[in-house]
Amino acid sequence: MHFPQQLIDGYRAFLTGRLRTEQDRYRELAQSGQSPEVMVIGCCDSRCSPEVIFNARPGELFVVRNIANLVPPYAPDARAHGVSAALEFGVIALKVKHIVVLGHAQCGGVRAFAEDAEPLTPGDFIGNWMKLMAPAAEKLGPRGNRSSSDYLTLLEQANVALSLDNLMTFPRLRAMVERGEVKLHGAYFGVATGQLSVREHATGKFTQVADDDYARLFGHPRF
Ligand SMILES: [Zn+2]
């Protein structure tokens, strides 16, 4: 068998750990179906699993992930739209109450866009996908004398804002947001630090949450 041993080992740990404690919940969810209240749109990056960051139990998060946590604008054509299909299912069928766009630091997709990297594949799927980010970069303006790392952070966060804007191009979702039935949120995970920031809707500013616990657990010693 060529199935990765790492996955079999992980599954064994799941059997003795999480499945043991969550077995009733899994059975219940199998019978009643899932009804998560939160949908997360995150990046494929292996360091940014929403279930891990939010310590989610089975059935709690409805997750769609793609390169650089992008939401393409509403485009009702005959092409296959993965994010739009997931959105439709989350909003219409599951009736999620919150949609969180989760960006992150050191995003390879954002960096590739910023550095205008050569396409990684002959089919240029990534290049075409990353073009969706162009309005975020335009809004942010030229790099100027910002350091590369400061610029990338701003671009990663502008990209979250762009995905939130694009969510509002879906007419039915927009109406639900305007009626207060669905709430949209932006968040940003610092991979190196483990800090989580949430976007304030009015100002667009990202502010660290649970900073008291973070400081207590990971702050520098006082002496
Ligand atoms: Zn990423």
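Leaving aside its neighbours within four places in sequence, which residues is Glu22 in contact with? Glu22 is in contact with Arg57 and Pro58, where contact means heavy atoms within 4.5 Å.

Before going on, the ground rules. This is a predicted model, in which local features need pLDDT of at least 70 and side-chain atom pairs count only at pLDDT 80 or more, while totals for chains, interfaces and linings use all residues. Residues are numbered from 1 along each chain as its sequence is written, and side-chain values use heavy atoms, with hydrogens and water left out.

Back to Glu22. Glu22 sits in helix 2, residues 18-32; helices (H or I, at least four residues) and strands (E, at least two) are DSSP runs, numbered from the N terminus. At 8% relative accessibility Glu22 counts as buried, and Arg57, at 38%, counts as partly exposed. Here buried means under 20% relative accessible area, exposed over 50%, and partly exposed in between, with a 1.4 Å probe and protein chains only.

Glu22 and Arg57 form a salt bridge, the closest N and O atoms being 3.0 Å apart. The pair links distant parts of the chain, 35 residues apart: Glu22 in helix 2, and Arg57 in the loop between helix 3 (50-53) and strand 2 (61-66). By salt bridge I mean a side-chain nitrogen of Lys or Arg within 4 Å of a carboxyl oxygen of Asp or Glu.

Arg25 forms another salt bridge, with Glu60, at 3.9 Å between the closest N and O atoms. Arg25 lies in helix 2 and Glu60 in the loop between helix 3 and strand 2, so this pair ties together parts that are 35 residues apart in sequence. Glu60 is partly exposed, at 31%.

Asp45 is buried at 15%, whereas Arg47 is partly exposed at 41%. The whole structure has nine salt bridges.

Next, the metal. Which protein atoms are the donors of the zinc ion? They are Cys43 (SG), His104 (NE2) and Cys107 (SG), lying 2.0 to 2.3 Å from it. Donors are N, O and S atoms within 2.8 Å of the metal (3.2 Å for Na, K and Ca); water is not among the atoms, so sites may look incomplete. The spacing of the donor residues in sequence is C-x60-H-x2-C. His104 is buried, with a relative accessible area of 2%, and Cys107 is buried, with 2%.
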